[in-house]
Amino acid sequence: MPLGQIYACIPLVSACAPDCGLCCGIVPFSESEVVAAEKASGKKPTIKGTDCCFLTAEKSCEIYDVRPLICRLFGAVDELHLRCPRGVCGAEFPLTREQAGDLVRKQQELGEIIAFPTISELENYVEKMASEMEVPE
Ligand code: SF4
């Protein structure tokens, strides 16, 4: 199944709140998603603090039309970690966690590897976020 068809399986999410960008952190891009993002914006994804490098100062997505799979799944899956943090946007008929996992597997079956951030950069980021979220005793 081509990537476009995988994207097409994701239900539409109602409009995000203006000036939000709360769910736009460091997200994984596959190789072809890096190429699409670079074509659309003229730049490769880079790590810039804890925000996505494609999040503009006005909190909109610079590459919305070619945003990667994970960004499309956000708000479209009935799973705690993929729900809108403000409870504002969502899909009328969200995917289940299993259906979303199936789409991620289908993307991997295309032979696409995660090109950005590297796996170790992603692990470090997740570790850092987890430690920042720890409640001090
Ligand atoms: S690519 Fe766009 S939608 Fe995805 S995290 Fe970055 S700014 Fe947000």
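# Close-up views of a predicted model

**Figure 1. Isoleucine 114 and its surroundings.** When neighbours within four places in sequence are left aside, the residues in contact with isoleucine 114 are Pro28, Ser30 and Ile119. The C-alpha atom of isoleucine 114 is separated by 17 Å from that of cysteine 24, and these two residues are 90 residues apart along the chain.

**Figure 2. The chain as a whole, as a setting for the other views.** The secondary structure of the chain consists of five helices and two strands, and these elements follow the pattern α-β-α-α-α-β-α when the chain is read along its sequence. The radius of gyration is 15 Å, close to the 14 Å given by the globule rule for 137 residues, so the chain is as compact as a globular protein of that length. The C-alpha trace spans about 50 × 35 × 30 Å along its principal axes. Among the contacts in the chain with a separation of 6 or more, 69% are accounted for by residues 24 or more positions apart. Of the 137 residues, 22% count as buried.

**Figure 3. Confidence along the chain.** The mean pLDDT of the chain is 87, and 96% of its residues reach 70 or more. Among the elements, helix 1 (residues 3-8) has the highest mean pLDDT, 96, whereas helix 5 has the lowest, 74. Where pLDDT is low, the predicted coordinates should not be read in detail.

**Figure 4. The shell around the ligand.** The residues that surround the ligand are Cys24, Val27, Cys52, Phe54, Leu55, Cys61, Ile63, Arg67 and Cys71. By class, this shell divides into eight nonpolar residues, no polar residues and one charged residue.

**Figure 5. The largest nonpolar core.** In soluble globular proteins, nonpolar side chains tend to be buried together. The largest nonpolar core of this chain has 20 residues, and those with the most contacts inside the core are Leu73 and Ala76. Helix 3 and helix 4 (97-109) each supply at least two residues of this core, and the largest share, three residues, comes from helix 3. Not counting residues up to four places away in sequence, alanine 76 touches Ile10, Pro11, Val13, Ala91, Pro94 and Leu95.

**Figure 6. Isoleucine 10, a buried loop residue.** Isoleucine 10 lies in the loop between helix 1 and strand 1 (29-30). Why does isoleucine 10 count as buried? Isoleucine 10 has 20 C-beta neighbours inside 10 Å, and because 20 or more are required, it is classed as buried. Residues up to four places away in sequence not being counted, isoleucine 10 touches Arg72, Leu73, Ala76, Leu95 and Leu103. Its C-alpha atom is separated by 27 Å from that of glutamate 121, which is 111 residues apart from isoleucine 10 along the chain.

**Figure 7. Alanine 36 in helix 2.** Alanine 36 lies in helix 2, and, with 18 other C-beta atoms within 10 Å, alanine 36 is partly exposed. The C-alpha atoms of alanine 36 and proline 68 are separated by 9.0 Å, while the two residues are 32 residues apart along the chain.

Figure 8. Most residues other than glycine have a negative phi, and most peptide bonds are trans. Lysine 59 has a positive phi of about 65 degrees, although it is not a glycine, and lies in the loop between helix 2 (31-41) and helix 3 (69-73). With 15 C-beta neighbours inside 10 Å, lysine 59 counts as partly exposed; its contacts, leaving aside neighbours within four places in sequence, are with Asp19, Cys20 and Gly21. The peptide bond from phenylalanine 116 to proline 117 is cis, with omega near -20 degrees, and proline 117 lies in the loop between strand 2 (114-116) and helix 5 (119-133). The C-alpha atoms of lysine 59 and proline 117 are separated by 21 Å, and the two residues are 58 residues apart along the chain.

How values were computed: Residues numbered from 1 in each chain as written. Predicted model: local features only at pLDDT ≥ 70, side-chain atom pairs only at ≥ 80, totals over all residues. Near = placed C-beta within 6 Å. Nonpolar A, V, L, I, M, F, W, Y, C, P; charged D, E, K, R; others polar. Helix = DSSP H or I, 4+ residues; strand = E, 2+ residues; numbered from the N terminus. Buried ≥ 20, exposed ≤ 12 C-beta atoms within 10 Å, placed from the backbone. pLDDT = per-residue confidence, 0-100. Rg over C-alpha atoms; globule rule 2.2 N^0.38 Å. Contact = placed C-beta atoms within 7 Å. Core = buried A, V, L, I, M, F, W, Y, C linked by C-beta atoms within 7 Å.
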